[in-house]
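Here's a quick tour of how this fold is put together, written for someone who likes cut-offs spelled out. Have the viewer open as you read.

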Amino acid sequence: NSATKSQKYIFKIWDAINFFKLKLNVIGIELCLAAILAVAFTIFIADPLIVGGKKYFLKARMNKTTKVGIIIDIFKKENWINISIIMLLRNLYNALWYLTIIGGVIKTYEYRMIPYILAENPKVKRREAFELSKEMMKGNKLRTFALDVSFLGWDLLSVMTFGILKILYVNPYS
């Protein structure tokens, strides 16, 4: 059951530890490997694809003939590593800030522009990306929160269409 649930990785590792306690070592090892693979996939594939999607939407806004293939331009070696590291740090900082609950919400909005910054300039330094995002969101966090709340209905409809509506309509706005 733990292997098929869409949980956070830490819960899969916790379940693996429990399997080790129950002397079910093979299942525990499989869960640990699954969690490690899921984390690696997120760091090296999923997060850069998020940046690639933002790059596509930024380009398509100016040029209606933009090709979807622009999304994979993010995977050029020198850009890919930098993007992966910065997105990993963004996720790590958010996770640590969520230990304070309110700080996590604030920092999530403060770091919201990092994928857009990386989409426009994939060679940007880590510190500069965080500072630019912080500056861009200064005074805009509450307005962005209100925008997110206004999309709750669309997000619910997206769930009902198994994410198709989110891909085709909602993502360009978020």
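## Overall make-up

Reading from the N terminus, the elements of the protein chain go α-α-α-α-α-α-α-α-α. That's nine helices and zero strands, where helices (H or I, at least four residues) and strands (E, at least two) are DSSP runs numbered from the N terminus. This is a predicted model, with local features needing pLDDT of at least 70 and side-chain atom pairs counting only at pLDDT 80 or more, while totals for chains, interfaces and linings use all residues. Residues are numbered from 1 along each chain as its sequence is written, and side-chain values use heavy atoms, with hydrogens and water left out.

Of the 174 residues in the protein chain, 30% count as buried; buried is under 20% relative accessible area, exposed is over 50%, and partly exposed is in between (1.4 Å probe, protein chains only). Take the contacts (heavy atoms within 4.5 Å) between residues at least 6 apart in sequence: 50% of them join residues at least 24 apart.

## The nonpolar core

A nonpolar core here is a set of buried Ala, Val, Leu, Ile, Met, Phe, Trp, Tyr and Cys residues joined through side-chain atoms within 4.5 Å. The largest one has 17 residues, and Val51, Ile86, Ile114 and Leu118 have the most contacts inside it. Helix 3, helix 5 (114-120) and helix 6 are the elements giving two or more residues to this core, with helix 5 supplying the largest share, five residues.

Setting aside neighbours within four places in sequence, Ile86 is in contact with Ile114, Leu118, Val124, Lys125, Arg126, Ala129 and Phe130.

## Helix 3 on helix 6

The axes (lines fitted to C-alpha atoms, for helices over the stretch in contact, with angles from 0 to 180 degrees between N-to-C directions) of helix 3 (residues 77-97) and helix 6 (residues 126-137) come within 10 Å and cross at roughly 55°. The two helices are therefore oblique to each other; under 35 degrees counts as roughly parallel, over 145 as roughly antiparallel, 65 to 115 as roughly perpendicular and the rest as oblique. From helix 3, Ile86, Leu89, Arg90 and Tyr93 meet Arg126, Ala129 and Phe130 of helix 6. By class, that contact has five nonpolar, no polar and two charged residues, with Ala, Val, Leu, Ile, Met, Phe, Trp, Tyr, Cys and Pro counted as nonpolar, Asp, Glu, Lys and Arg as charged, and the others, Gly among them, as polar.

Ser84 also sits in helix 3. Ser84 counts as buried because its relative accessibility is 2%. Not counting residues up to four places away in sequence, Ser84 touches Ile43, Phe44 and Pro48.

## Helix 4 and helix 7

Helix 4 (residues 102-110) packs with helix 7 at an angle of about 90°, axes 10 Å apart, so the pair is roughly perpendicular. Ile106, Tyr109 and Glu110 in helix 4 meet Lys141, Thr144, Phe145 and Asp148 in helix 7. This contact has three nonpolar, one polar and three charged residues. Gly103, Gly104, Lys107, Tyr109 and Glu110 of helix 4 are buried, and the buried residues of helix 4 pack against helix 3, helix 6 and helix 7.

C-alpha to C-alpha, Phe145 and Val105 are 9.7 Å apart in space and 40 residues apart in sequence.
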